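User: I am new to this structure and would like to learn how to read its features step by step. Could we go through them together?

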Protein chains: 2
Amino acid sequence: MKKLIGVDLGGTTVKFAILTAEGEVQQKWSIKTDIKNEGKNIFPDIVKSINHRLEIYGLSADDFSGIGMGSPGSVNIDKGTVIGAYNLNWRTLQPVKEQIEAGTGISFYIDNDANVAALGEQWKGAGEGSGNVVFVTLGTGVGGGIIAEGNLVHGVCAAGEIGHINVDPTGYECTCGNVGCLETVASATGIVRIARDLSEEYAGDSKLKYLIDDGQEVTAKTVFDQAKTGDQLAEIVVDKFYFYLGLACSNIANVLHPETIVIGGGVSAAGEMLISGVEKYFKKYAFPQIKTSTKLRLAQLGNDAGVIGAASLVNISR
Amino acid sequence: MKKLIGVDLGGTTVKFAILTAEGEVQQKWSIKTDIKNEGKNIFPDIVKSINHRLEIYGLSADDFSGIGMGSPGSVNIDKGTVIGAYNLNWRTLQPVKEQIEAGTGISFYIDNDANVAALGEQWKGAGEGSGNVVFVTLGTGVGGGIIAEGNLVHGVCAAGEIGHINVDPTGYECTCGNVGCLETVASATGIVRIARDLSEEYAGDSKLKYLIDDGQEVTAKTVFDQAKTGDQLAEIVVDKFYFYLGLACSNIANVLHPETIVIGGGVSAAGEMLISGVEKYFKKYAFPQIKTSTKLRLAQLGNDAGVIGAASLVNISR
C-alpha cells in the first residue's frame, strides 16, 4: 500500500506527516510559515521540505498515493485553490494544487483547516471511524466540520459554520455582522466577554471579579481554573457557556443525529468538566431518542488532527 | 430501463405510482388504508393492489427494478421493518419488506415518510436535483428530511428531527418532553397557540381576536387569512411564526449550507407570503456567505412528493 502525506498549513508553522494508508503516523516534522512578500515563499518552502524529507527517508513520489492539505482561507476543493487566507498574507487566488503537484510530482488534495481537523478526529480520534461525526473547535473563534453518512459536508461551500449558529437572538454583536452567534459566547474571547459582563453585576466575593477589577489578564483558562476552585462568579460564567454550547450541540444533533460530537480547540483544555457541563444542557434540549444516543467527547488528537485529517483527503478524494 | 413503483403509506390512504427510472409518473392510484385488526390487512391489500394494476397495464415483476415505500412509525431501513406506526395500528414489529417482496416478486426499499417526501422534492420538486437540500414540513407537527452531499442523512437513525430544534429555551412545553421546540410554535396547532396567547394580551381591534373570543374555530389558515387582510393581531402572530421558522432555518443552513430549504406541509399553503416572511429572519441570522446563496422555496409536488420520493429509494439504494 502506498503512503500518504498530510500537511497542516497555519499562520505560524506548517506541520507535515508521512502516514500509512491506514492513518498511522510514521514521520512528523514542521517548518516556520514565511508570510513575508505576500506569502510567496510558502509554496517553494513546502515543496522543498517534502522533497528533502523524502530524500532523507529514501522515498520517492511513487511511494505515495497523494498529499492532502488543510488550509486557512476560502478553499476551492475542486480547483485546488485558496483565496483570502489573511494570516498567510494570501490575498489573491493561490494555485496551491498546481504548484505543489508540479514541485513534488505527487497528486494533491486540499480542504479548509476546520474540515480537515474534523476528518482527523473522525478517522483516528474521538469519532472512532463513525460515518456521522460533528467536530466543534473552540479557539479564538468557533469553527467546525460535519461528516454525515461518511461524507464531509460542504453544502454549497461553507457548511460547518458552527460558530455562527444563533444561540441568543438578543445577544452580542458578532464579527460576521449578525447578533447572538455561538462564537460571541463560546470562543475563548466570548467566555471572557461573559465574565466581564457578569462581573459588573456581581456583588459577592469572587477571585475572578477581583482579577477583572484589578486589570489583570483574564483568559478563558482563568475562568475555568477559578470555576474549578469553586469561585461562584466563575461557576455562573461557565454555566452560561455550557448552556449556549449545549443548546447549539442539541440543535445540530436534532438535525443530524451524529454518533459523536467532538469538542476540540484551546478552550477544550478545560477537559471532562466541560463535557459534563455541556451535556447537562444538551440533554435538556436534544430530542429524547437523540440525547440518549449521541455522545459528546473531547478531541483526542490535539495538534495532529490537522495532518492526519489532511492525509485522509487523499483516501476519500481518489 | 426498468420502471419504479412508489408507495406512500398513510393512515387514511395508500398512494401508489408507477414511474420511469427518471422519475416521470406514468400511473397513479390509491386505496383506503384498512387499519382494522391491528392493520393486518395492509400488506395483503398493498400486494393485491400492485399485482392487480400490473395485470391491467400488461406489466410483470420483471419490468420493475424495485418498489420504494414511505411509512409512518419507526423504520429500520436495513431490515425493511416498521414498528410503532400508531396511525396504522401497527404496534408490533412489521416485516414489510419480507411480505411485499414475497407477494410481488419485486425488490423492496423503505424509509420514513418525511425522508421520502424530502427525496421527492429534492429529485423532482423544489430541490431541482441538488445534492444539498433540506425539507421542512409544517403540518399537525413539524418534520423534515436532510439530503447532504447527495445522500439522505439518517445519522444514528433519527436525523431530521427539525420540529425539535430549540427556538426558545423558555418557550412552550412540547409533546417530546422538552421545552421550546420549533413544533410548539410552527406547526398548525403551534400557530393557533401563539394566536390564542397573544390575543389575550391584545387590546386593539382585531377580527382574529373576535373569532377567538367568540369561540369560533380558528386554524392556522384563519390566522394567515386574517394577516392577508391586514388584521394587526394576525400580523403579529405570523411575524412571530416567521421569526421562529427563520431562526431554525438559519441555524440548519449555518451547519449544512444547503442549496435550498424546501418548505412544505399544510401550513405552507400560505404561499409566497410565508417564504418572504421567513426569509426576513433567515437573512438576519444566517452567516453572510450562506444567506446570499441558500434559497428558501415552497414545496412543489404536494401529495405526489411521497410516491416520487419513495420510488427514488429504489435508485439510490441499489
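**How the copies meet**

Analyst: Let us begin with the interface in this predicted model. Of the interface residues of chain A, 100% are also interface residues in chain B, so the copies meet through the same surface. The contact involves 38 residues of chain A and 39 residues of chain B.

User: Which elements of chain A each supply at least two residues of the side that touches chain B?

Analyst: They are β9 (142-148), α9 (232-256) and α11 (288-291) of chain A. The most is given by α9(A), with seven residues. By class, this side of chain A holds 20 nonpolar, 15 polar and three charged residues.

User: What rotation superposes chain A on chain B?

Analyst: In general, two copies of a chain are related by a rotation about an axis and a shift along it. Here the rotation is 180°, the shift along the axis is 0.0 Å, and the RMSD is 0.0 Å. That is the relation of a two-fold axis.

**Domains of chain A**

User: Which domains does the assignment give for chain A?

Analyst: The domain assignment gives domain 1 (3-119 + 304-317) and domain 2 (129-298). Taken over C-alpha atoms, the centres of domain 1 and domain 2 of chain A are separated by 30 Å. Seven residues from domain 1 of chain A and ten residues from domain 2 of chain A take part in the contact. On the side of domain 1 of chain A that touches domain 2 of chain A, helix α4 (residues 113-124) gives the most, with five residues. The residues of that side of domain 1 comprise five nonpolar, one polar and one charged.

**A strand and its partners**

User: Are the residues of strand β11 of chain A buried or exposed?

Analyst: A residue counts as buried if 20 or more other C-beta atoms lie within 10 Å of its own. In strand β11 (residues 260-264) of chain A, five of the five residues are buried, so the strand is largely enclosed by the rest of the structure. Both faces are covered: T260(A), V262(A) and G264(A) lie on one side, with I261(A) and I263(A) on the other.

User: Which strands pair with β11(A)?

Analyst: Strand β8 (residues 133-138) of chain A pairs with β11(A) in the parallel sense over five bridges. Strand β12 (residues 295-298) of chain A also runs parallel to β11(A), joined to it by four bridges. I261(A) illustrates both pairings: it is the bridge partner of V134(A), and its own partner in β12(A) is L296(A).

**Individual residues**

User: Where is V96(B), and which residues does it contact?

Analyst: V96(B) is in helix α3 (residues 96-104) of chain B. It counts as buried because it has 26 C-beta neighbours inside 10 Å. Leaving aside neighbours within four places in sequence, V96(B) is in contact with M69(B), S71(B), G80(B), T81(B), V82(B) and I110(B). V96(B) and K79(B) are 17 residues apart in sequence, and their C-alpha atoms are 9.0 Å apart in space.

Note on methods. Residues are numbered from 1 along each chain as its sequence is written. Chains are lettered from A and ligands numbered from 1 in the order in which they are written. This is a predicted model: local features need pLDDT of at least 70, side-chain atom pairs count only at pLDDT 80 or more; totals for chains, interfaces and linings use all residues. Two residues are in contact if their C-beta atoms, placed from the backbone, lie within 7 Å. Ala, Val, Leu, Ile, Met, Phe, Trp, Tyr, Cys and Pro count as nonpolar, Asp, Glu, Lys and Arg as charged, and the others, Gly among them, as polar. Domain bounds come from an automatic or database domain assignment. Copies are superposed by least squares on the C-alpha atoms of residues with pLDDT of at least 70 in both. A residue is buried if 20 or more other C-beta atoms lie within 10 Å of its own, exposed if 12 or fewer, and partly exposed in between; C-beta atoms are placed from the backbone. Two strands pair if DSSP finds at least two bridges between them.
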